[in-house]
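Subject: Structure handover

Hello,

Here is the structure I promised to pass on. Please open it first, then read the notes below.

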Amino acid sequence: MKAERILMAHGSGGLMSQQLIDEIFKAAWSNEYLESMLDGALLDLPAGRIAMSTDSFVITPIFFPGGDIGKLSICGTINDLVACGARPLYLSVAMIIEEGLPLADLRRIAASMAQTAALAGVKLVTGDTKVVEKGSADGIFINTTGIGLIPAGIDYRPQQIREGDHIIVTGTMGDHGLSILAQREGLRFSTPVSSDCAPLYAIGRKLAPYKADIRCMRDPTRGGLATVLNEIAVQSNLGIIVRDKDIPVSPVVRGACDMLGMDPLYMANEGKMVIFTAPEKSAAVLETLHSIAECQAAAIIGELRAQPAGLVLITTELGAERILATLEGEHVPRIC
Amino acid sequence: MNLNNDNKYVSSLLQDIQSESRDIALMEVCGTHTMAIAKSGIRNLMPGNLKLLSGPGCPVCVTAQGDIDAVIDLAERPGITLVTFGDMMRVPGNNSSLQEARSRGADVRVAYSPLDALAIARQNRRLEVVFLGIGFETTAPVVAVTVEQARREGLKNFSVFSLHKAVPPALEVIFADPAIKVDGLICPGHVSIVIGLKPYLSLAVKYHQPCVVTGFETRDILEGIVMLLQQIRKGEAQAQIQYKRVVKPEGNRVAQETIKRVFRPVGARWRGLGFIENSGLEFNREYEDWDARRKFDIPEYEDIPIKGCACGQVLRGRITPPACPLFGQPCTPLNPVGPCMVSHEGACAAYYRYRIT
Amino acid sequence: MCLGVPAQILKILDEQMARVDVDGNQVDISIQLVPDVKTGDYVLVHAGFAMDIIDAGVADETMKLLKELQSS
């Protein structure tokens with residue numbers, strides 16, 4: 001391809017579009033579904049229950065420590081499927097690209113998507129590309145939609161959660177949110193923290209033996225742990241109590257959050273899961289999680305109670321209980 | 001450099017506080033204290049007879065609606081880039097907020113430091129960069145240094161919209177009120193780094209108010225409360241420092257002089273408290289070129305009173321937030337009516353968020 | 001009202017700026033309000049400025065005082 005950057009012509013549907021697809025996407029993601037060149041992917045699915053999930057990714061910057069928008073777009077949808085109890089199988093990819101994006105960037109993103117998908121054993125089976133005029137998008141936006149198969153006997157839903165159940169988080173909170181924040185204009189600090197962006201397929205596989213004991217899973221992305229816990233409290237109509245001292249947060253993330261007036265419990269994660277389990281099996285689930293590279297810091301952080309239904313309480317260092325509220329509005333750095 | 005938390009000692013402080021049997025009301029006049037007291041759960045551990053009231057301690061909350069209108073007017077003018085601390089984005093003026101102005105196309109950016117705004121101006125000479133100078137004595141010298149730097153560099157596309165406020169004149173207004181029922185003052189730790197102990201000495205003497213300059217860690221706040229209780233038990237009214245590792249009695253002289261070089265005191269409007277003499281800061285003549293109000297000829301906007309809102313009473317410590325008729329319905333952090341619900345650190349927001357009753 | 005965090009001076013960059021460590025994060029801050037600051041000092045940082053030097057020597061002074069009062 002001669003051009004160094006995305007031109008409007010790459011979205012024309014003509015020869016240049018074809019070249020873009022062949023030389024970048026098909027080259028990176030090659031599989032029999034893409035090769036068939038049909039208007040959609042024809043999939044033979046095994047019998048059973050199917051989970052389907054969709055997510056759009058509009059992150060700035062598109063490359064960040066620990067990942068990039070491509071990797072993120074694969075992990076995000078895979079992790080949603082894992083949270084549904086599904087084994088992720090197939091993903092579709094739709095891209096909206098801003099005119100002028102360097103082709104080298106697009107190649108890097110496509111390669112990163114291929115690598116992440118291969119790691120998780122999923123195939124990128126159909127896609128779409130649109131090009132918009134400069135200023136109409138911010139580099140590149142990606143949507144992925146995925147489907148996965150739910151093995152028999154798995155039913156992860158908030159309604160399954162019971163009083164006394166334990167809550168596990170699979171690692172430190174806020175790493176992704178903080179690493180992205182450090183890249184933003186107007187915030188000149190450098191942090192050794194990388195995004196935790198990772199596909200959590202291993203959690204699904206390794207926890208399969210505990211399917212009867214796991215009630216529900218959620219990935220605490222936007223809005224962070226606090227938001228997930230509040231959603232679950234409302235949906236299960238139970239009270240949640242978590243212990244501040246047991247929630248894993250790296251000292252670096254805590255320090256940066258203190259400086260910026262932010263709270264790690266409201267910061268986004270892209271490689272973590274919140275798992276609700278039967279109390280008698282929580283220790284075994286935790287031990288299994290510790291055998292997964294991404295889950296070394298997993299911890300039991302609290303439990304479900306009958307009251308106060310629909311609310312989340314947190315036990316502070318002083319031993320007092322207070323409300324852990326849902327995020328209102330945007331979580332921005334503050335000074336006062 | 002955090003305090004080591006000796007659990008036994010912290011429990012002994014709590015026991016001391018919980019053993020208090022008199023009816024006592026302490027006021028904190030710093031939003032960071034309000035938040036720390038709520039977040040650490042200290043408020044939930046106070047005995048019923050010991051009330052912690054929240055005074056006018058959050059510069060975002062006390063910014064007048066008319067002043068927000070003026071800022072929005074400026075932000076929406078073509079070619080203007082307004083840089084502000086994140087806290088200001090949601091604060092409503094009479095009709096709108098900065099986040100709404102941004103959605104209408106204004107170039108409004110969030111920064112951590114005024115130096116970030118200066119850097120934007122330096123790198124984009126064609127932009128007119130205005131920093132929204134908000135905050136008390138802690139932030140005023142920081143902004144003053146930034147303006148001095150802009151002057152040294154001859155940066156003409158940078159200016160500051162000063163909404164800075166001074167704490168002591170507001171405290172004077174609160175304590176001069178004969179109806180006020182406060183037995184001691186938890187004084188703001190970081191404002192006091194700059195102003196020192198002197199302003200509290202006169203409050204202690206004139207209004208017989210025990211004053212303790214207090215830090216922000218859990219142990220700091222408990223120590224501050226115990227020190228106040230000890231004064232109250234003895235019938236004393238002194239100005240003391242708990243936060244000794246940072247606050248010196250004389251304050252930070254360099255910061256005080258920097259404020260004086262760049263700004264002079266002027267009367268200012270406070271949301272909920274009204275007009276207070278000498279409580280604002282405007283630019284000295286040598287720095288007028290960096291005064292956004294003058295540079296862009298921004299008109300004065302009036303404050304339209306908010307019907308039913310009791311923030312004025314809350315800020316004076318006369319009532320706690322749940323006693324306001326608007327609290328929780330319709331006034332919530334997502335749809336704030338009054339100033340104390342607006343800011344993350346506002347008294348009403350802290351009460352709402354942590355469901356304190 | 002005024003968010004501040006302790007930070008340790010790693011390096012004085014010039015008369016105006018220093019690089020500090022905040023729990024493993026690095027920030028360049030102004031030291032113009034604290035002209036006497038030295039490498040290794042702890043300072044209280046607000047809005048990208050050192051506001052004053054933290055005196056670790058007196059950090060526990062209030063505790064000692066209150067403990068004495070409690071035991072008396």
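Where in chain C is Asp23(C) placed? Asp23(C) sits in the loop between strand 2 (17-22) and strand 3 (25-30) of chain C. Strands here are DSSP runs of E with at least two residues, helices are DSSP runs of H or I with at least four, and both are numbered from the N terminus.

Some ground rules. This is a predicted model, in which local features need pLDDT of at least 70 and side-chain atom pairs count only at pLDDT 80 or more, while totals for chains, interfaces and linings use all residues. Residues are numbered from 1 along each chain as its sequence is written, chains are lettered from A and ligands numbered from 1 in the order in which they are written, and side-chain values use heavy atoms, with hydrogens and water left out.

**Backbone points**

Most residues other than glycine have a negative phi, and most peptide bonds are trans. Asp23(C) has a positive phi, near 50 degrees. Its relative accessibility is 41%, so Asp23(C) counts as partly exposed. The cut-offs are under 20% relative accessible area for buried, over 50% for exposed, and partly exposed in between, with a 1.4 Å probe and protein chains only.

Asn237(A) also has a positive phi, near 55 degrees. Asn237(A) is in the loop between helix 7 (224-236) and strand 10 (239-243) of chain A. With a relative accessible area of 52%, Asn237(A) is exposed.

Two cis peptide bonds are worth a look. One joins Thr60(A) and Pro61(A), with omega about -5 degrees. Pro61(A) lies in the loop between strand 1 (49-57) and strand 2 (63-64) of chain A. Another joins Gln307(A) and Pro308(A), with omega about -10 degrees. Pro308(A) is placed in the loop between strand 12 (299-305) and strand 13 (312-315) of chain A.

Two packed helices are described by the angle between their axes and the distance between the axes. Axes are lines fitted to C-alpha atoms, for helices over the stretch in contact, and angles run from 0 to 180 degrees between N-to-C directions.

Helix 11 (residues 218-234) of chain B meets helix 1 (residues 61-71) of chain C: their axes come within 11 Å and cross at roughly 45 degrees. The two helices are therefore oblique to each other. Angles under 35 degrees count as roughly parallel, over 145 as roughly antiparallel, 65 to 115 as roughly perpendicular and the rest as oblique. On the chain B side, the residues in contact (heavy atoms within 4.5 Å) are Arg219(B), Glu223(B), Val226(B), Met227(B) and Gln230(B). They meet Thr62(C), Met63(C), Leu66(C) and Leu69(C).

Helix 1 (residues 7-18) of chain B packs on helix 11 of chain B as well, at an angle of about 40 degrees and with the axes 10 Å apart. The contact includes Tyr9(B), Leu13(B) and Ile17(B) from helix 1 of chain B. From helix 11 of chain B it includes Arg219(B), Glu223(B) and Val226(B).

**Cores and buried residues**

In soluble globular proteins, nonpolar side chains tend to be buried together. A nonpolar core here is a set of buried Ala, Val, Leu, Ile, Met, Phe, Trp, Tyr and Cys residues joined through side-chain atoms within 4.5 Å. The largest has 170 residues, and Leu98(B) and Phe276(A) are among those touching the most other members. Helix 7 (residues 139-153) of chain B gives the largest share of this core, seven residues. Apart from it lies another core, of 61 residues, including Ala86(A) and Leu124(A).

Helix 4 (residues 65-75) of chain B is mostly covered, with 11 of its 11 residues buried.

Ser159(B) lies in strand 6 (residues 158-162) of chain B. Ser159(B) counts as buried, because its relative accessibility is 0%. Among its contacts beyond four places in sequence are Trp290(B) and Ala292(B). Ala292(B) is in helix 13 (residues 292-295) of chain B, and at 0% relative accessibility Ala292(B) counts as buried.

Met273(A) is in the loop between helix 8 (251-260) and strand 11 (274-277) of chain A. Met273(A) is buried, with a relative accessible area of 0%. Met273(A) and Ile203(A) are 70 residues apart in sequence, yet 8.7 Å apart in space, C-alpha to C-alpha.

Best wishes
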